[in-house]
Amino acid sequence: GGEYKGCQHQYDSSVGFDQLNYVIDLIKNNPTSRRIIINLWNPKTLHKATLPSCLCKYQFYVDTTHKELNLQIYLRSSDFFLANNWNTCTGALLVHLLCNLHDIDLTPGILTVVVGDTHLYKNHIEQVRKNLERVPYPFPKLIIKNQKNNIEDFVWKDLQIIGYKSYPRIPAPMAVWENFNNFNYFQCILVFFNLVFNYVFNSIYLKIIIFVIIIYKSWVPID
């Protein structure tokens with residue numbers, strides 16, 4: 001619930017509520033809790049967000065019988081080709097880091113991904129077809145080489161990936177930026193003048209003319 005001030009800002013315990021430390025405490029001291037949740041959906045700041053969080057919830061489940069830490073992540077929306085694997089892998093990484101904290105005697109369990117809206121963008125279709133022709137390589141193994149007392153103490157050299165093999169990358173544009181770059185400024189000008197004329201003249205005939213022009217220009221590309 002803290003106010004976001006930028007990625008370079010240093011946030012301490014006085015800003016909002018530390019959900020991560022809360023989750024770690026529950027895993028250690030109340031592992032059967034059904035409230036081991038990190039909620040990334042902040043209604044207070046949604047109106048300021050260029051793109052509200054797609055991955056918006058983590059829920060952990062401790063299997064006390066098998067001593068495993070399971071995780072379910074919820075995505076309200078998933079650009080499946082570009083983002084789904086990223087969200088899945090970061091969730092798995094978080095579980096591995098938690099299991100390598102002192103006083104957490106657990107191993108990584110099952111990762112479940114729930115998506116509210118899964119989609120492929122039209123400008124990704126050819127890339128998806130190319131990817132489907134590939135035979136997946138065996139999964140690599142992630143090793144966390146050192147245990148820590150504080151999750152923020154982990155650094156890149158503490159991680160080791162064994163057996164990672166990949167095909168050459170398949171470039172694909174982010175659809176949200178592609179749409180922004182193709183923004184039709186002429187349509188914006190028409191909307192502006194429509195508002196002005198509505199205010200000054202308040203003519204139903206003028207409204208109809210402006211509306212027809214906007215619809216026509218929306219379908220006819222402008223070089």
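**Entry 1: helix α1.** I looked up which residues of helix α1 (residues 19-29) are buried, and found Val23, Ile24, Leu26 and Ile27. Buried means under 20% relative accessible area, exposed over 50%, and partly exposed in between, with a 1.4 Å probe and protein chains only. These residues lie on the same side of α1, because they cover an arc of only 160 degrees around the axis. The arc is that of the directions from the helix axis to the C-beta atoms. Helices (H or I, at least four residues) and strands (E, at least two) are DSSP runs, numbered from the N terminus.

**Source note.** I am working with a predicted model, where local features need pLDDT of at least 70, side-chain atom pairs count only at pLDDT 80 or more, and totals for chains, interfaces and linings use all residues. Residues are numbered from 1 along each chain as its sequence is written, and side-chain values use heavy atoms, with hydrogens and water left out.

**Entry 2: around α1.** I checked what the buried residues of α1 pack against, and noted β1 (37-39), β2 (55-63), β3 (68-75) and α2 (80-99); contact means heavy atoms within 4.5 Å. At the start of α1, I found a side-chain oxygen of Asp18 within 3.3 Å of the backbone nitrogen of Leu20.

**Entry 3: positive phi.** Most residues other than glycine have a negative phi. I noted Lys67, not a glycine, with a positive phi near 55 degrees. Lys67 sits in the loop between β2 and β3 and is partly exposed, at 41% relative accessible area. I also noted Asp103, again not a glycine, with a positive phi of about 75 degrees. Asp103 is in the loop between α2 and β5 (107-115) and is exposed, at 69%.

Conventions. Polar contact = N/O pair within 3.5 Å; in protein donor to acceptor, adjacent residues only side chain to side chain.
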